[in-house]
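Okay, thanks everyone, I'll keep this short. Let me put the structure up, and then we'll go through a couple of residues and finish with the overall picture.

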Amino acid sequence: MSIFDRIINSGAAPSEPDPKSKTFSFSSLPESLGEMQSLKEAALESPFDTAALTLLALCAYSADKNVGAEMLNFLRGPRPLSNYDLSFLNDRFRDGNTHVPFSYFKGATPQNNYAPSRPFTFTVETNPYSDANQGYKKLFIRSGGADNPREVVLRRRGDGKWFLWDQFLLVGIREPASRDPWG
């Protein structure tokens, strides 16, 4: 904080503090890039909005790789998916693991094979380290199949828009009941 901040900002309205969490609810999931871009969150003005759309894009990727990749490329802005990124995504959805992104929605548990409640609802949260790196924001989403929330990293561009930098939503979760050999 500069010694001049009080003087320079004396006429400015106090800025709103960042929320600690934001809950999102969608009546349906977007099935195309156009549908995603029609959502108010697609303005990418908030890191919470970009994190939320990341989850929706991963759900789309589980159903159609091309549609999901288009959505993810939109969210990544000037840094499109590399061949390595695509290989990683394909690996994560191999062996029928299409349920993983759906595990983040309210009501999705291993016992019901990660079938989410409707509307599709989830919460994006901060933690004490969310703002550790200037220009980046680390946010978290809880899965019904994991003990700890998983992270999404966003990066702010010079125009104030937030873009997807990295995500750790596709790491292992508990097996759905239908695939658990120990039942």
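So, let's start with Leu75, which sits in helix H4, residues 65–76. Keep in mind that this is a predicted model. Is Leu75 buried or exposed? Its relative accessibility is 0%, and the cut-off for buried is under 20%, so Leu75 counts as buried.

And what is Leu75 in contact with, once we skip its neighbours within four places in sequence? The list is Met36, Leu44, Thr50, Leu53, Thr54, Ala57, Phe163 and Leu164. Take Thr54 from that list: Leu75 and Thr54 are 21 residues apart in sequence, and their C-alpha atoms are 7.1 Å apart in space.

Next up, Asn97. You'll find Asn97 in the loop that runs between helix H5 (83–93) and strand E2 (120–125). Its side chain reaches the backbone oxygen of Arg94, at 3.2 Å. Leaving out neighbours within four places in sequence, Asn97 has contacts with Arg92 and Arg179.

Now let's zoom out to the whole protein. We have five helices and five strands, and reading from the N terminus the order goes α-β-α-α-α-α-β-β-β-β. There are 183 residues in the protein, and 40% of them count as buried. If you take contacts between residues at least 6 apart in sequence, 58% of those join residues at least 24 apart. Last one: the accessible surface comes to about 10700 Å², and carbon and sulfur atoms account for 50% of that.

Okay, that's my part.

Methods: Residues are numbered from 1 along each chain as its sequence is written. This is a predicted model: local features need pLDDT of at least 70, side-chain atom pairs count only at pLDDT 80 or more; totals for chains, interfaces and linings use all residues. Side-chain values use heavy atoms; hydrogens and water are left out. Helices (H or I, at least four residues) and strands (E, at least two) are DSSP runs, numbered from the N terminus. Buried means under 20% relative accessible area, exposed over 50%, partly exposed in between (1.4 Å probe, protein chains only). Contact means heavy atoms within 4.5 Å. A polar contact is a pair of N or O atoms within 3.5 Å; within protein, one must be able to donate a hydrogen and the other to accept it, and residues adjacent in sequence count only if both atoms are side-chain atoms. Accessible areas come from the Shrake-Rupley method with a 1.4 Å probe; for residues, only the protein chains shown count as cover.
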